Amino acid sequence: MDSVASRIERHRLIDVLAERSANAGRPGHRTDGHRVAVAIEGGGMRGTVSGGMALALSELGLLPLFDAIYGASAGAISAAWLLSSHPEGLRGWTEPAFVRALIRKRNMLFGRPLVDVQRLVEVLYLEDFPLDYASVLASAIEFHLLATDVMTGKAVNLRDQVIDEASLRLALRASAALPLLAGGPVRLGEHTYYDAGLAESIPFRQALRDGATHVLVLRSRRPADRARMADRPSRSSRLIAGVGLRRYSPELRAAFLGRNVRLADDDRLLAEHDIDDVASGPAVMSVRPSDSAPRIGRLETDDALLHTAFEAGRAALHTKMATLGIGDR
């Protein structure tokens with residue numbers, strides 16, 4: 001009987017990447033009938049881990065093999081950098097000046113957001129750590145950002161609402177805005193949005209809804225973090241739902257309080273997909289940091305810890321692809 005390891009080695013996602021690498025096709029000009037996507041998990045500063053994986057994807061020359069990138073919250077920010085003219089900017093997750101500018105714990109004393117996403121996207125990424133927004137919009141690889149609709153509590157794909165650099169910045173802010181922590185909701189078009197993680201923190205389901213046949217999922221949580229997921233909302237979550245979301249719909253509060261249950265369901269489903277022992281249906285493969293990687297909290301500010309986490313994510317992607325025989329040649 002084949003072992004699980006041998007089945008993973010024949011994962012259908014890897015087969016398609018190998019075929020595309022050999023055929024040298026371009027995004028938007030392929031005829032193989034596949035739609036291959038990357039889904040990047042966020043989670044505040046834990047997105048440093050999946051950001052390292054995203055950089056490794058660029059370093060290995062694999063990015064042109066994909067048709068679309070999906071990002072949620074911090075994962076959307078990493079996706080923007082990955083698609084930009086300067087993917088090395090992903091290392092900004094570990095820059096002390098970046099972290100100090102983004103997370104300002106004293107802000108809580110003055111009633112301001114602890115995490116200043118607006119300043120990050122509208123000031124830092126224009127002046128101090130320039131993100132080439134124009135190159136993101138011009139990319140042949142589709143960029144799909146997720147956010148949570150404050151009325152329905154459901155995940156929404158903002159791609160169709162991104163038409164210029166200003167709306168791209170708004171979409172990035174919408175994907176990461178979090179009650180009491182990262183600023184108020186963001187209005188884009190006719191709707192108002194909060195952080196994608198309230199409804200869908202790992203955006204692979206949206207990729208599948210959009211017709212993806214193969215999805216590479218870049219995870220920010222270690223396997224050991226599964227044990228930390230509780231069925232019931234924490235005290236802090238109940239406080240945010242009762243205070244920070246009291247003005248919004250019951251559907252939004254229910255979505256927020258149900259995050260842990262949905263995340264546990266995602267974990268179970270992704271583990272099943274990793275085995276890939278079926279011949280049909282979507283092929284989804286995850287890359288996660290090892291349990292030896294540091295555990296990073298949403299508001300982590302320790303420079304050395306963030307650097308270690310970024311490199312752990314980067315190494316995890318490099319190792320996974322080397323083991324499966326995929327990479328730059």
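This is a predicted model: local features need pLDDT of at least 70, side-chain atom pairs count only at pLDDT 80 or more; totals for chains, interfaces and linings use all residues.

User: How should I read the packing of two helices, and what is the angle between H6 and H8?

Analyst: In general, a pair of packed helices is described by two quantities, the angle between the axes and the distance between them. Here helix H6, residues 117–124, packs against helix H8, residues 165–176, at an angle of about 160°, and their axes are 9 Å apart. Because angles over 145 degrees count as roughly antiparallel, H6 is described as roughly antiparallel to H8. The crossing of these two helices is right-handed.

User: Which residues of H6 and H8 meet?

Analyst: From H6 come Val117, Gln118, Val121 and Glu122, which meet Arg169, Leu172, Arg173 and Ala176 in H8. Sorted by class, this contact of H6 with H8 comprises four nonpolar residues, one polar and three charged.

User: What does the packing of H3 and H13 look like in terms of angle and axis distance?

Analyst: Helix H3, residues 47–59, and helix H13, residues 303–323, pack at about 45°, with their axes 7 Å apart. That angle makes H3 oblique to H13, and the crossing of H3 and H13 is right-handed. Among the residues making the contact are Gly51, Gly52 and Leu55 of H3, together with Ala309, Phe310 and Gly313 of H13. By class, the contact of H3 with H13 has 10 nonpolar, five polar and two charged residues.

User: Turning to the rings, how many aromatic pairs are there, and how is the pair of tryptophan 81 and tyrosine 125 arranged?

Analyst: An aromatic pair is read from the distance between ring centres and the angle between ring planes, where planes over 60 degrees apart count as edge-to-face. The count comes to five aromatic pairs. Tryptophan 81 and tyrosine 125 form one that is edge-to-face, at 5.3 Å centre to centre and with 90° between the planes. Since tryptophan 81 lies in helix H4 (residues 74–83) and tyrosine 125 in the loop between H6 and helix H7 (133–138), the pair ties together parts that are 44 residues apart in sequence. Tryptophan 81 and tyrosine 125 are both buried. Another edge-to-face pair is formed by tyrosine 194 and tyrosine 248, at 5.6 Å centre to centre and with 85° between the planes. This pair links distant parts of the chain, with tyrosine 194 in strand S6 and tyrosine 248 in the loop between helix H10 and helix H11, 54 residues apart. Tyrosine 194 and tyrosine 248 are both buried as well.

User: Which residues form one aromatic cluster?

Analyst: The cluster is formed by Trp81, Trp93, Phe98, Tyr125 and Phe129.

User: Finally, is isoleucine 69 buried or exposed, and what is it in contact with?

Analyst: Isoleucine 69, found in strand S2 (residues 68–72), is buried, with a relative accessible area of 0%. Leaving aside neighbours within four places in sequence, its contacts include Val38, Ile40, Leu63, Leu82 and Phe143.

Terms used:
Residues are numbered from 1 along each chain as its sequence is written. Side-chain values use heavy atoms; hydrogens and water are left out. Axes are lines fitted to C-alpha atoms, for helices over the stretch in contact, and angles run from 0 to 180 degrees between N-to-C directions. Helices (H or I, at least four residues) and strands (E, at least two) are DSSP runs, numbered from the N terminus. Angles under 35 degrees count as roughly parallel, over 145 as roughly antiparallel, 65 to 115 as roughly perpendicular and the rest as oblique. A crossing is left-handed if the near helix is turned anticlockwise from the far one by less than a right angle, and right-handed if clockwise. Contact means heavy atoms within 4.5 Å. Ala, Val, Leu, Ile, Met, Phe, Trp, Tyr, Cys and Pro count as nonpolar, Asp, Glu, Lys and Arg as charged, and the others, Gly among them, as polar. Rings of Phe, Tyr and Trp (its six-membered ring) pair if their centres lie within 6.5 Å; planes under 30 degrees apart count as stacked, over 60 as edge-to-face and the rest as tilted. Buried means under 20% relative accessible area, exposed over 50%, partly exposed in between (1.4 Å probe, protein chains only).
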